[in-house]
Every structure is written in C-alpha cells, then in structure tokens.
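Me: I would like to learn how to read a few features of a model. Please take them one at a time.

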Amino acid sequence: MECQRCTGAAFSYRAIYPDLALVGRKGETGSWRRTGSSGQWLEQTFCTTCGSVVFMRAEGLKDALSVSVGCLEDAKFPPPAMLHWPHRKHKWLRLEGLPEAAGS
C-alpha cells in the first residue's frame, strides 16, 4: 500500500540496480525514511521541484537502489518482469503472464 501512496498510482514500477550504478543526478533531491511492514527501514529519495520519487534504498536491499522507471527517460525500457506484493494490488488490475515474487 505504501508504494501506491508514494507514487499516487495503482503500483510502482521500479528497476533494481547495484548502489554503485548511481553516477549522477539532475536537480536537487530530498529524502525521507519510514519503517516498512517488515520492520526494516525504507528511504525514498524525491525531486524537490516536482515531488516525484526518483529512487529508494531499503535495509532489505543491501547495496542496491530501486529506481523509479519513469525517471529514466527511456520509453523503450522493458516491461516489468515480476509482481511483488500481489495480495495488495487493486482487484481490477490485470497483469497476465507476470510472475509473482516468492514470499511477497
């Protein structure tokens, strides 16, 4: 639910990269940290101009970034490969053929 609230959409579409993959940013960013349902922290980094979440770090994602795909400026970016937290998706949302992550 928090990802839906964070993005203001039915789901968030993110790509996970090694933490060292972040080589530069445009503009100013801010961040905020919260505790997720697992009890571990999640830190959202957002654009201070428009408020969009650019990427997140999580205690459970060691040395990795979860980047908001819409911020990559790449209309040819591949479609999602996996659905996390399927029990939280809106009942009307149909994602045929998308495998569900184990344990989510």
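**Reading the features**

Reply: The S68 side chain comes within 2.8 Å of the backbone oxygen of V53. Such a pair is a polar contact: N or O atoms within 3.5 Å, where, within protein, one must be able to donate a hydrogen and the other to accept it, and residues adjacent in sequence count only if both atoms are side-chain atoms. This is a predicted model, in which local features need pLDDT of at least 70, side-chain atom pairs count only at pLDDT 80 or more, and totals for chains, interfaces and linings use all residues. Residues are numbered from 1 along each chain as its sequence is written, and side-chain values use heavy atoms, with hydrogens and water left out.

Me: Where is S68 found, and which residues does S68 touch?

Reply: Strands (E, at least two residues) and helices (H or I, at least four) are DSSP runs, numbered from the N terminus. S68 is in strand 5. Contact means heavy atoms within 4.5 Å; leaving out residues up to four places away in sequence, S68 touches Y13, R14, V53, V54 and F55.

Me: Does S68 count as buried or exposed?

Reply: Buried means under 20% relative accessible area, exposed over 50%, and partly exposed in between (1.4 Å probe, protein chains only). At 11%, S68 counts as buried. Of the 104 residues of the protein chain, 26% are in the buried class.

Me: How many disulfides does the structure hold?

Reply: A disulfide is a pair of cysteine sulfur atoms within 2.5 Å. The structure holds 0. C47 is in none, and its nearest cysteine sulfur, in C50, is 3.7 Å away. C47 counts as buried, at 18% relative accessibility.

Me: Which phi value does D63 have, and where does D63 lie?

Reply: D63 is not a glycine, yet its phi is positive, about 55°. D63 lies in the loop between strand 4 (53-58) and strand 5 (64-68), and is exposed at 65% relative accessible area. E73, also not a glycine, has a positive phi of about 55°. E73 lies in the segment after strand 5 and counts as exposed, at 67%.

Me: What pattern does the protein chain follow along the sequence?

Reply: The pattern is α-β-β-β-β-β, from 1 helix and 5 strands.
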